[in-house]
Amino acid sequence: MLSGELPKLANRKCAAAAANRPFPGAAPRHSSDGQEGQEQPKAWDPALLEFLVCPLSKKPLRYEASTNELINKELGIAYPIIDGIPNMIPQAARMIDRKAQDEEPKQT
Amino acid sequence: MAASIGAVGCRALHSRRHGKLLSIGRGLFSGARCLVAEGETHFGFQNVSETEKGEKVYHVFESVAKKYDIMNDSMSLGVHRLWKDILLHQMNPYPGTQLLDVAGGTGDIAFRFINYVRSQWEYQIKQKLKSHQNLSWQEISKSYQEEELKLPGGSQVVVCDINKEMLKVGKQKAQHLGYSEGLSWVVGNAEELPFNDNKFDVYTIAFGIRNVTHIDQALQEAYRVLKPGGRFLCLEFSQVNNPLISRLYDLYSFQVIPVLGEIIAGDWKSYQYLVESIRRFPAQEEFKAMVEDAGFLKVEYRNLTSGIVAIHSGFKL
């Protein structure tokens with residue numbers, strides 16, 4: 001009887017340990033963003049968008065997932081995100097040529 | 001393409017901070033650069049143009065990034081840790097504080113902030129338990145949670161640095177030490193912060209402001225991004241008041257530190273720049289005046305280790 005109970009206890013302990021694991025690796029199963037704690041250091045944290053603005057015009061930016069850039073439509077520039085760290089130095093920004101030309105007749 | 005660069009350049013010229021913008025902008029705004037004269041400034045004991053200073057400082061930190069922490073420990077014999085701890089104690093952040101750490105590179109201040117806020121939260125809970133207050137369900141569940149999905153109270157720290165190598169080292173350190181939540185990394189210029197006005201409760205810059213080309217602009221930006229009631233804290237090398245210690249300090253700085261730099265980091269010049277830049281940085285009272293000029297009130301400074309470093313503090317009121 002005792003031997004029957006021991007494996008059960010052991011299993012429970014393992015399950016409990018796994019559930020309480022203070023390891024960031026446990027979180028990714030619940031997040032749907034694709035933002036994982038450890039495996040992908042290149043993940044971008046969309047929460048930063050609340051704080052970030054363009055350093056030149058101080059206007060909010062839009063995150064473009066396809067090119068992994070932060071775009072300031074008004075000035076037509078895009079700031080790259082490298083390894084999950086946005087690079088907000090104006091000299092690192094890229095001019096969005098075609099978009100700027102298309103939007104010129106619309107802008108003043 | 002040239003026309004659109006010119007148009008952006010013109011817009012940039014109209015902004016207040018065009019001088020510094022042109023000093024850092026290269027390919028993007030190179031056409032407009034010739035329209036404004038470049039000022040001269042110092043890089044250690046050399047005199048260089050403002051553009052050069054920015055680039056040289058960038059290269060210094062790019063080259064020392066990987067050995068930065070080891071060098072800090074060897075040069076200061078570990079005392080820099082105490083200085084940073086004292087800075088945090090002076091800050092005394094409560095859970096819920098939003099911190100902006102500029103020139104925060106490898107994250108020393110940010111990690112200390114996170115530790116401090118967490119231990120404050122635990123202390124608060126213990127106090128409540130001691131006084132037999134009933135904890136809310138939220139607090140009880142948080143105290144059981146080993147892995148907290150957010151920092152207590154919604155505290156947040158943004159580490160901003162102009163050098164992405166330093167931030168990379170910082171990010172790796174964060175992953176090793178297990179700091180992930182409430183911590184963000186941004187590459188940005190202290191003279192032109194990519195943040196909106198009135199966003200942060202505390203702004204810190206530890207051992208970074210002497211490397212900034214236009215200190216007054218960095219101070220103005222600090223004023224801008226702080227919330228009303230926010231605090232500015234600057235930890236920086238300063239002038240030693242005691243003549244005997246000053247002589248020993250000079251001896252140590254100029255004879256020992258560059259040698260250590262060469263042995264440990266393989267870079268004599270960068271550490272020569274470091275000790276020279278310390279000498280060129282304004283003294284406590286002068287820097288206090290600069291902080292006041294930016295609009296901060298109740299500006300005070302506190303010397304540590306007989307003035308080798310000083311913590312300047314000011315409030316946006």
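## Basis of the description

Because the model is predicted, local features need pLDDT of at least 70 and side-chain atom pairs count only at pLDDT 80 or more, while totals for chains, interfaces and linings use all residues. Residues are numbered from 1 along each chain as its sequence is written, chains are lettered from A and ligands numbered from 1 in the order in which they are written, and side-chain values use heavy atoms, with hydrogens and water left out.

## The nonpolar cores

A nonpolar core is a set of buried Ala, Val, Leu, Ile, Met, Phe, Trp, Tyr and Cys residues joined through side-chain atoms within 4.5 Å, where buried means under 20% relative accessible area, exposed means over 50%, and partly exposed lies in between (1.4 Å probe, protein chains only). The largest such core has 41 residues, and those with the most contacts inside it are A:Tyr79, B:Leu100, B:Phe195, B:Tyr203 and B:Phe232. The elements that each give two or more residues to this core are β3 (77-82) of chain A and, from chain B, β3 (98-102), β4 (156-161), β6 (200-206), α10 (215-225), β7 (226-237) and α13 (284-293); here helices (H or I, at least four residues) and strands (E, at least two) are DSSP runs, numbered from the N terminus.

The element that gives the most to this core is α10(B), with 5 residues. Because 8 of the 11 residues of α10(B) are buried, this helix is largely enclosed by the rest of the structure; the buried ones include B:Ile215, B:Leu219 and B:Val225, but also B:Gln217, B:Glu221 and B:Arg224. B:Leu100 touches B:Val225 as well as B:Val158, B:Phe195 and B:Tyr203, among others, not counting residues up to four places away in sequence, and contact means heavy atoms within 4.5 Å.

## An enclosed cavity

On a 1 Å grid over the protein atoms alone, a cavity is a set of points where a 1.4 Å probe fits but cannot get out, and its lining residues have an atom within 4 Å of a point. The count comes to 1 cavity of 30 Å³ or more, and about 40 Å³ of space lies in the largest cavity.

The lining of the largest cavity consists of A:Ile82, A:Ile85, A:Asn87, B:Lys164, B:Lys168 and B:Val187, which divide into 3 nonpolar, 1 polar and 2 charged residues.

B:Val186 lies in strand β5 (residues 183-187) of chain B and counts as buried because its relative accessibility is 0%. Leaving aside neighbours within four places in sequence, B:Val186 is in contact with residues of chain A, including A:Leu48, A:Ile85 and A:Met88, and with residues of chain B, including B:Val158, B:Leu167 and B:Phe195.

B:Arg112, in helix α7 (residues 108-130) of chain B, also counts as buried, at 16% relative accessibility. Beyond its neighbours within four places in sequence, B:Arg112 is in contact with B:Arg81, B:Lys84, B:Asp85 and B:Leu88.

## Two loop residues with positive phi

B:Asn92 is found in the loop between α6 (79-91) and β3 of chain B, and has a positive phi of about 45 degrees although it is not a glycine. With a relative accessible area of 42%, B:Asn92 is partly exposed.

B:Thr305 has its place in the loop between β8 (297-304) and β9 (309-315) of chain B, where its phi is near 55 degrees, a positive value in a residue other than glycine. B:Thr305 counts as partly exposed, at 40% relative accessibility.

Definitions and conventions
On a 1 Å grid over the protein atoms alone, a cavity is a set of points where a 1.4 Å probe fits but cannot get out, and a pocket is an open set with protein on both sides within 12 Å along at least five of seven lines; lining residues have an atom within 4 Å of a point. Grid points are joined across faces, edges and corners, and a volume is the space filled by probe spheres set on the points. Ala, Val, Leu, Ile, Met, Phe, Trp, Tyr, Cys and Pro count as nonpolar, Asp, Glu, Lys and Arg as charged, and the others, Gly among them, as polar.
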